[in-house]
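Subject: Structure handover

Hi,

Here is the structure I promised to pass on. My notes on what turned up follow below it.

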Amino acid sequence: MTKQFVTTTVNGDTAEFICEPGESLLDALRGRLQLTGSKEGCGSGDCGACTILLDGEMVCSCLVFAAEAEGRVIETVEGMADGSVLHPVQRKFLEHAALQCGFCTPGFLVATKALLDHNPDPSEHEIRYWLAGNLCRCTGYDKIVRAVQDTAREMRNERKTA
Amino acid sequence: MNAPEAKSGFRHVGTRPVRPDGIDKVTGKAIYSPDFVAPGMLQGAILRSPHPHARIRSIDTSKAEALPGVKAIVTADDFPTLKSLMVTMGESAGNIIHVSRKCMAQGKVLYDGHAVAAVAATSAVIAAEALKLIEVDYEVLPHVIDIDEAMQPDAPLLHEDMVTEGVQPRPDKPSNIPTYVSKTKGDVAEALGRAAAVVEGRYSMPMVHQGYIEPHACVASWNADGQANIWCSTQGAFVVRMLTASVLGISQADIRVTPLEIGGGFGGKTTVYLEPVAMLLSRKSGRPVRLAMTREEVFRASGPAPGVQIDFKIGATADGYLLGADLSMKYNVGAFPGNGVQVGLITALYHYRFESFAMHGWNVVTNMPGIHAYRAPCAPQVNFAVESAIDELAYKLGIDPIELRLKNAVVPGDPGFTGGTLGEIGFVECLEAAKAHPHYSAPLGPNQGRGVAASYWINAGGPSVAAVSLAEDGSVLVTTGSPDIGGSRASMAIMAAETLCIPYEKVRVTIADTSAIGFSMVTGGSRTTYATGKAVIEAAETIISIMKARAAGMWGVDVADVAWGDGEAICLDPAKDNQRLPIGKIAARMNNTGGPISAEASVNPHDYLPAFGVHICDSEVDPETGQTTIVRYTAIQDVGRAIHADYCEGQIQGGAVQGIGWALNEAFIHDKAGRLDNPGFLDYRVPVCSDLPMIDTVMVEKPNPAHPFGVKGVGEVPIVPPLATVANAVSRAAGVRIRDLPLSPDRVYSAIKSKG
Amino acid sequence: MSRVRIVPTGAAAEYFGGSGEEFDAEAGNLFQLVEVLDARAPGFGDAAGVQLVFAVNGEVTEDWTAPLPERAEVLIVTKISGG
Ligand code: FES
Ligand code: FES
């Protein structure tokens, strides 16, 4: 099979790569573009460590073909901070110690951003179900949920005062 | 939250500052083992057995070798023949032959997924293609998965030369039972005869897995002169060095192991599966080689926790004093002899004052992957049986379950687990805190039940080295050899800052490679904050004495006239009018006062204390489906003293949730052919966010007098009580006692139906 | 030289007949004791410290140079693993 040439947008910049037809977008991001922030915990859509936004929608990048990225807009954990200013959810994860090993963290951060983009005031129940596709084996989720609640609160207040 | 919350007398200990490695980990910059790239690196892959038990007649790699892009192939023939040798791994010992055979099957495959050959190629696609071209001729042998079946005299034998240790006279025939252990005290039969109430039952659970989200991965580069680099994620770079050197028969100093960030380990990353294989591939190809497991490989071919079958009988007086316990434990240790029931023996009963007991235990080998450490290894299994039975006993006697535990709880001065006496343990304090907690008296809803259980873990000390040095501006560098698996850089920085009385942000912590610092034991056994922390504190204290001497020189006073406080030297000589020299000024002048200021401390402390935990759980069981929901959960633990309160709580919450998963869902399931049926997160179901409530934690602080800040070790004990805590809650909610884990909906449903 | 009581348990018992029976030995410190016990049960020396640890009068003792008290009880136990 012939390799494919893909042009896409990653974290606001144009990115180009050549990939195998069967290659996952996660492998392309990590292997071809050296964006190793997105992690592979399973490769089968079960752990959420590879979560990215594709045209604003949350997806498991291990389940997307790299070739499908052609002409699309990709956001990964590497693009969340504004330069050296952390996104509020990144800051809140640190303040709440919502990570231990940190391997699941990129996926949780991207998923949380997607949640708060959709729903600025989620209940605990909504947070827990939205994040149910992201596995964390270290934290027991308690501090993650608290960090998400606190992020939502802060972002709402900022919007009010803005 | 990282609000300033300093405990009286401490400026940093007990606060919650942001971890020093935090930004890298929330921005995707941190390099974990699957992220590491070496120049010119090849991609490796491992061929694994589809059979649980088979003799390898031959392996033909010629077709694979001919495939363009294939640079090296390794089989058992490339491994040196080893003499049986016991080596220390983590705090336990293992036979180096078994370590080697877990990396590559030799002669026989012993479980589904056992490695038989490995390939390195210019791409992962070619490596995968090459695996398909390797021809292995297997003579399939009968296999055994079940504990009882493996113990039968006519069971298929895994190891023809394995004879049970610990029985007299020594058996003359091999068996699948590597170990028998026992311990007795008093006359149990007589004691149980006097009991007002007796509970008896058989408890069981299958193998479970640590389930770290980061699969094992490494890159190895072995040069022609014999020197090598290994980059990997591990709980102990030194154990990787020692095991790899021992398996390959080379000098330890020739291997430099750099620990990358680690995506969870829980005990499972204190050994090697890939590193020696990657080394051999690298030597053959002359290039660096990456080997990385898929999730399926992690489940099929790493080191799970043993399944068990336990018979337990326990009796007490009418007013709830424990008289006797009769305990028989069988631990399924997988394909190789391991440390299973030996630990069960010392983690079963010593938290209560039994008048008498009889404990018997067997390890049993089966055609499953050999077990490895999983958080308080081997303690949760036996604790499940003991604490389930204690709960039943309490209800039988009409005594509150916490009250019954209080009546029998060990206190400081009682006999310890290794003889001697127990030190400043906080078991009673934990039980009292549980009793007083609002959770314990909160009303329950329909179909809900409340469970409690208690447990302990021995904790550990052991060797560690730490180095502390001053930069020219007075900022401080701490270097250790203890990988950070859950915030230990932060706790090391806190302890150094506390000792030196300087701001937390002035201290930076590095985890060094094995060639840059002296030996440290693994990050495991709940030892790091305690033992490596002691080394950091000791090195920081040496730095203070050096700085005092340097300040004395600068002032021209006697060193006895210099004190240290607030991050500065204070001159006590009245003539000098209480002058002060801040750390920055001393550092700036250090090369005029004798040279660089640095110190290394090497320690091997053993004055650690065991940790105790008491958990409370409310569960709700749907009588129509058997589905269990955890409604409320509280974990109470004596932490000695919390250095970083958030990461202490995090350890407790994470351990509790792993235990909840173990109780409710997790299980290795094998099909009739002996193959693992659920080697993925879809079917091996670890708890997800929507399964759980918040996990409330209560940290009881009864400091360890032998640690400058009172540390006891927190990481492991929280996984021990949840199994029985949840089972006790579910048994109350369902109105029927269930003694087998996991408490899956079908099991709970049929238990409800069978009670009629 | 002190006369001490040896209490071998678990895997340690294997080296001394397997029954776990206690016995007396004479040694000044744990290094000497290991030598004495290795002479009695070849192979013991290799396992000591790797697979086995010593508890002298109830205290796990890693410093083998410390003098053994007269009549001390030396419990030999299997090392256990943490995660
Ligand atoms: S790696 Fe994509 S969901 Fe696990
Ligand atoms: S922090 Fe380790 S998996 Fe989530």
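Burial comes first: 57% of the 162 residues in chain A count as buried. Please keep in mind that this is a predicted model.

Fold. Chain A has five helices and five strands. The order along the sequence is β-β-α-β-β-β-α-α-α-α. The C-alpha trace spans about 50 × 35 × 25 Å along its principal axes.

Contacts. Take the contacts in chain A with a separation of 6 or more: 55% of them join residues 24 or more positions apart.

Surface and charge. The accessible surface of chain A is about 6400 Å². Carbon and sulfur atoms hold 50% of that surface. Chain A carries 16 positive and 23 negative charges. Their mean positions lie 7 Å apart.

Cysteines. Is A:C47 buried or exposed? A:C47 has 2% relative accessibility, which is under the 20% cut-off, so this residue counts as buried. A:C50 falls under that cut-off too, at 3%, and is therefore buried. As for disulfides, a search of the whole structure over all chains finds zero. A disulfide would need a pair of cysteine sulfur atoms within 2.5 Å.

Best wishes

Note on methods
Residues numbered from 1 in each chain as written. Chains lettered and ligands numbered in written order. Predicted model: local features only at pLDDT ≥ 70, side-chain atom pairs only at ≥ 80, totals over all residues. Heavy atoms only, no water. Helix = DSSP H or I, 4+ residues; strand = E, 2+ residues; numbered from the N terminus. Buried < 20%, exposed > 50% of the residue type's maximum accessible area, 1.4 Å probe, protein only. Contact = heavy atoms within 4.5 Å. Areas by Shrake-Rupley, 256 points an atom, 1.4 Å probe, with all protein chains shown as cover. Lys, Arg positive; Asp, Glu negative; His and termini not counted. Charge placed at Lys NZ, Arg CZ, Asp CG, Glu CD.
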